[in-house]
Amino acid sequence: MAKIKITREEALAYHHEPSPGKWEVQATVPMTTQRDLSLAYSPGVAIPCEAIAENPELAYDYTNKGNLVAVISNGTAVLGLGNLGALGGKPVMEGKSVLFKRFADVNSIDIELDTEDPDEFINAVRLMGPTFGGINLEDIKAPECFIIEQRLKEEMDIPVFHDDQHGTAVICAAGLINALHLSGKKIEECKIVLNGAGAAGIACLELVKTMGARHDNCIMCDTKGVIYQGRTEGMNQWKSAHAAVTELRTLEEAMVGADVFLGVSAKGAVTQEMVASMAENPVIFAMANPDPEITPEEAHAVRPDAILATGRSDYPNQVNNVLGFPYLFRGALDIHARAINDEMKIACAHALAEIAREDVPDEVGLAYGKQLSFGRDYIIPTPFDPRLIHRIPPAVAKAGMDTGAARRPIIDMEAYKETLKGRMDSTAPILRSINNRARQAQARIIFAEGDDPRVLRAAVMYQRNGLGKALVVGREDDVRKKLEESGLGDAVRELEVVNAANTRHLDAYKNFLYQRLQRKGYDRQDIHRLAARDRHVFSSLMLAHGHADGLITGATRKSAHVMELINHVFDADAHHGAVGVTALLHNGRIVLITDTLVHEWPEEEDLATIAERAADVARHLGLEPRVAFVSFSTFGYPVSERALKMHVAPEILDKRGVDFEYEGEMTVDVALNPRAQEAYPFQRLTGPANILVVPARHSASISVKLMQEMAGATVIGPILAGVDKSIQICSTNMTANDILNMAVLAACKVG
């Protein structure tokens, strides 16, 4: 997988739009009436206050403490950027909070403490203890991080976890379990060399020793060489605990005959000569970021038998902390744990290792564009494996219960696993799959409106994200000027700007267009104006002649006008079965609404065709289609001539013998709510509908815009389906990111 290039402008825009930062607070209870206010605050709130004061454990029942983690830092060791200070580190802490929510549905708030004094830091965190169910320490430099974590563990009765240490250690341990399994070695017999005696390195070595590695077989190195007994230079109490009795003094000497190398140090710290000197089937975890101690290519050039892991997403076997900390805290919170102990961390590592050894779900292979299976290039699960949420927390929770860390043990573990499955956002795998499929396709996409800054930014993002080739229709000087004004002047060299003046195909385009339009009142001069001067027509002609794989347009003109122009080149109208499908993503659900683009007032046969086209789109998105023909009536009541066509359309699908679920007519609540469906035991849907076929385009438009404005739903589309080529029509209010999403759909030929 290619390394994704992120520009400064793109990163800043991501953190600024649609509102500054990466998360917000939402109420979980109604707050609309005077009664709601009285229950939420005074006088109703007094009752749970008194209950908690009498029994503090009830805070887990009546407040959000049991699902709230604080991500706390002083910004003294921010990523690989060093000491940026408390405020400079805030974007990272916000990001960590988002990851907690996204991967394990753990609510999290970031807190940045403006002090480098360990005692001040410890006191501040300790005093906030009653608020949270757990504390995640982040980006604190060594050796202060050791002091802070140890003191807080001693003084607080909730889990305190420094992820820079233990998160890396847990994922490293999981990978090591499987690497040794493949190489046929036992951890207690392995010679292990670790380079990098900071927080992560020390935690890694401590955990593998807890798992069975012998102290005498482990060599720790830092920038000054081997840490041996008797060394005084650059030492502290944490390094001293791992000092070995050895004559070895350099990393190069230590690597001779080593079975395992663990690196959390710096780029280039390991040479090919060092790798060549290792034992048979060596295990090399070069985890330095952003560049490993040695690349897999360099290591495999001298040792094809090596098993490699890095911290990078563009190499196999990424040691990624997001595989651990969300699920560790999920399990710990759900048993109201007093701490996250070694047994819980080891249980997490073993659960991860077991997942990697099992068959990989199809949706994971689809998302990554290849089928994964346990072996040298797959010893650690991918971060988006859907099994993580219901496999790791139960293992962590059980270990916590077995070791006495649980305040409230889980009685029914199987029921607990089922509740965890329901916490996953079902839309995220779909969107991730589409992006990965686009990256595999490497499609050439035409961005027709190269005079619009949003379109240009989307084109740059499409190409720099490794999704494919962007072809921008416009004048070169105008494109250059607008890119420079957008802070993307360096992108001029990357994009291919196309227009009628610089193509050698214009005559072929005009001849093709004349053949289509000569009996519709267009003469040669009309054809020249359309083909040479109208960017929508020119772009469509490029696509029709196979000079690109997909087309993005409509960001600057009304969709009806754009559709009219496209129809000069393609049969993209209602008579030829074209359909507009819009995807709504909200609260972890995805629902397709159709027709949102082509048919103004479809008849029965049209509605049946719309359902078929929408089912095709659903399958492209990874959904199993369930179609509901919706109206204001349900199965004939109330009787209305307006609802009759919605009643007849399913009968037409009966005759066509389609291979997806459909039902109707019905109201929206019956279509989407399984409980409402129970009132109609004869209906054929096996679950909530994910495709709503509505009576007319105006009702489709109203539905989409109402969900967007009132509920904050994410809207993708309209997706143009039923056309020979991949064309996506944007709306005029789309952002650059929205346009990019449409380009991704075009690249995947969704529709």
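Two strands are taken to pair if DSSP finds at least two bridges between them. The views below show a predicted model.

**View 1. Strands β1 and β3 of the four-stranded sheet.** I72 stands opposite L137 in β3. Strand β1 (residues 68-73) and strand β3 (residues 134-137) run parallel and are joined by four bridges. The open sheet to which they belong has four strands, ordered β2-β1-β3-β4, with parallel pairing. At its edges stand β2 (107-112) and β4 (160-162); each has a single partner strand, so one side of each is left without a neighbour in the sheet. On average, neighbouring strands of this sheet are turned by 25° against each other, direction ignored. Helix α8 (residues 144-155) lies across β3 and β4, and its direction runs at about 165° to β4.

View 2. Strand β5 (residues 192-195) runs parallel to strand β6 (residues 218-222), and four bridges join them. Within this pair, M220 in β6 is the bridge partner of L194.

**View 3. The largest nonpolar core.** This core has 99 residues, and those with the most contacts inside it are I72, I135, L137, F285, M344, L352 and I392. Helix α9 (residues 163-183) gives the most to this core, contributing 10 residues. A second, separate core of 67 residues includes I445, L483, Y662 and L740.

**View 4. The surroundings of M344.** Leaving aside residues up to four places away in sequence, M344 touches L328, A332, I335, A337, A339, V396, A399, G400 and A405.

**View 5. Packing of helix α21 on helix α22.** Helix α21 (residues 453-464) and helix α22 (residues 476-485) pack at an angle of about 85°, and their axes are 10 Å apart. Angles of 65 to 115 degrees count as roughly perpendicular, so α21 is roughly perpendicular to α22. P453, L456 and V460 of α21 make the contact with V479, K482 and L483 of α22. Of the residues in this contact, five are nonpolar, none is polar and one is charged.

Note on methods. Residues are numbered from 1 along each chain as its sequence is written. This is a predicted model: local features need pLDDT of at least 70, side-chain atom pairs count only at pLDDT 80 or more; totals for chains, interfaces and linings use all residues. Side-chain values use heavy atoms; hydrogens and water are left out. A nonpolar core is a set of buried Ala, Val, Leu, Ile, Met, Phe, Trp, Tyr and Cys residues joined through side-chain atoms within 4.5 Å. Buried means under 20% relative accessible area, exposed over 50%, partly exposed in between (1.4 Å probe, protein chains only). Helices (H or I, at least four residues) and strands (E, at least two) are DSSP runs, numbered from the N terminus. Contact means heavy atoms within 4.5 Å. Axes are lines fitted to C-alpha atoms, for helices over the stretch in contact, and angles run from 0 to 180 degrees between N-to-C directions. Angles under 35 degrees count as roughly parallel, over 145 as roughly antiparallel, 65 to 115 as roughly perpendicular and the rest as oblique. Ala, Val, Leu, Ile, Met, Phe, Trp, Tyr, Cys and Pro count as nonpolar, Asp, Glu, Lys and Arg as charged, and the others, Gly among them, as polar.
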